[in-house]
Amino acid sequence: MKRQFTVAAAIVAALSISLSAQWPRRGQTGIPKGPDGKINLAAPAPRAADGRPDLSGIWDVSPRREKPGSAPPGQPPLAVFANLAASMVGGLPFQPWAAELSKKRVANLRYDNPDALCFPQGPLQYHLDPQPRQVYQMPGRTLIVYESNYGLRTIYTDGRPLPPPGEPQPYWHGYSIGRWEGDTFVVESSSFRGVQGGLAADGWLDQMGSPFTDALRLTERFRRVNFGNLHIDITIDDPKAYTSPFTVRVEHVVVADGWELAEFICHENQKFLEMTGRAVQK
Amino acid sequence: MRTGLAIVMCVALIAASGRALAHHSFAAEFDENKPVKLTGTVNKVEWTNPHIWFFMDVKSPDGTVTNWGFEMASPNGLLRAGWKRDSMKVGDVVAVEARQARDGSHNANAQTVVLSSTGQRLFAGSPVQPAP
């Protein structure tokens with residue numbers, strides 16, 4: 001029953017999107033095309049004025065999936081929205097309390113998922129959400145605007161160091177600085193609120209409610225391997241929640257057919273609160 | 001060719017299913033074991049984030065009228081699929097298959113919405129049907 005419903009719902013959803021043609025698109029410049037006139041996703045990655053790869057663009061999460069343990073040697077297991085450990089063998093190296101909290105959050109039907117409550121998502125949720133995100137690479141900083149919950153991340157690239165942890169205050173999105181190592185954009189983040197933020201929606205790394213704490217040190221290595229594909233290898237180092245650091249892969253594909261981000265103001269008509277008994281029914 | 005099409009459809013299915021269903025924990029609000037099939041007249045459409053809602057009056061055999069509310073996808077996915085905020089109109093008679101709210105209220109998550117006058121499936125597929 002459950003499976004039938006899930007499959008049916010997925011088909012309905014797929015049909016509602018796959019024939020997309022009417023969204024008012026805007027013509028885009030600088031799109032490499034093949035002899036057939038189609039976008040050439042395998043064309044070389046564009047370069048910014050400083051010669052670095054330009055990560056700018058709108059990105060969707062890749063539909064690629066892999067079996068647990070099947071990533072090629074040296075390549076981190078692929079994370080997916082539903083579960084960042086979906087392709088890992090043996091699951092995440094939880095501290096005991098973190099494993100318990102994840103189980104409790106799932107058993108509670110993800111009642112406090114920040115995504116559902118219109119709070120900023122956890123870093124892996126943002127990377128993996130099916131809604132697109134737009135990267136703006138510019139001198140001194142790179143911005144990522146997430147359509148989901150209209151999140152904004154600022155990654156400073158002006159050479160500043162990370163502030164002392166938690167200063168001037170912990171952020172939902174953490175505090176991020178970036179630098180180039182060859183053609184790889186390396187982003188380090190700290191000063192996250194984590195579960196110490198105090199709300200039940202704080203410290204959700206993914207949809208499984210895998211926790212993170214104020215000790216989280218996140219390292220993301222972005223590589224635009226060609227025009228159409230962006231690979232991000234993400235290391236989660238949070239000794240309060242995990243017994244060892246671990247790394248997962250996120251893959252994005254470019255959106256270059258004229259779609260743009262749509263405004264998404266999550267609190268506009270947030271019936272989830274009413275439906276789960278946390279607000280008075282209007 | 002057929003295999004190619006199947007792959008394309010599978011990719012589209014995987015890519016798209018999350019987008020339309022991603023936002024909320026369905027299970028926290030609705031009970032998949034409470035299917036409902038209702039036909040009624042739309043009296044309100046809320047084209048809003050994070051989910052579209054519409055309301056309709058359902059007349060029971062004894063003549064009593066109950067107003068039901070239905071949650072649908074987010075506007076962004078439907079806009080990209082070509083639907084417009086006035087694609088469903090007040091006064092439309094629609095048949096809905098849905099899953100009812102856990103709290104037993106007259107709210108449900110709509111899976112299919114069919115316009116009774118034409119048989120068109122609202123907010124599913126593209127509003128402009130491709131050539132067969």
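Mentor: We will take the ground rules, then the strands, then the confidence.

Mentor: This is a predicted model: local features need pLDDT of at least 70, side-chain atom pairs count only at pLDDT 80 or more, and totals for chains, interfaces and linings use all residues. Residues are numbered from 1 along each chain as its sequence is written, while chains are lettered from A and ligands numbered from 1 in the order in which they are written.

Trainee: How many bridges join E5(A) to E6(A)?

Mentor: Seven, and the two strands, residues 175-181 and 184-190, run antiparallel. Strands are DSSP runs of E, at least two residues, numbered from the N terminus, and two strands pair if DSSP finds at least two bridges between them.

Trainee: What lies between E5(A) and E6(A)?

Mentor: Two residues, in a hairpin; Gly182(A) in the turn has a positive phi of about 65°.

Trainee: Which residue stands opposite Ile177(A) in E6(A)?

Mentor: Glu188(A). Ile177(A) is also the bridge partner of Tyr156(A). E4(A), residues 151-156, runs parallel to E5(A), with two bridges.

Trainee: Switching to chain B, what is the order of strands in the barrel?

Mentor: The closed barrel of five strands runs E1-E2-E3-E5-E4, with mixed pairing. The twist averages 55° from one strand to the next (angles run from 0 to 180 degrees between N-to-C directions of axes fitted to C-alpha atoms).

Trainee: And what is the average pLDDT of chain A?

Mentor: 90, with 91% of the residues at 70 or above; pLDDT is the predictor's confidence in each residue, from 0 to 100. Over residues 1-22 of chain A the pLDDT is below 50.

Methods. Helix = DSSP H or I, 4+ residues; strand = E, 2+ residues; numbered from the N terminus. Contact = placed C-beta atoms within 7 Å.
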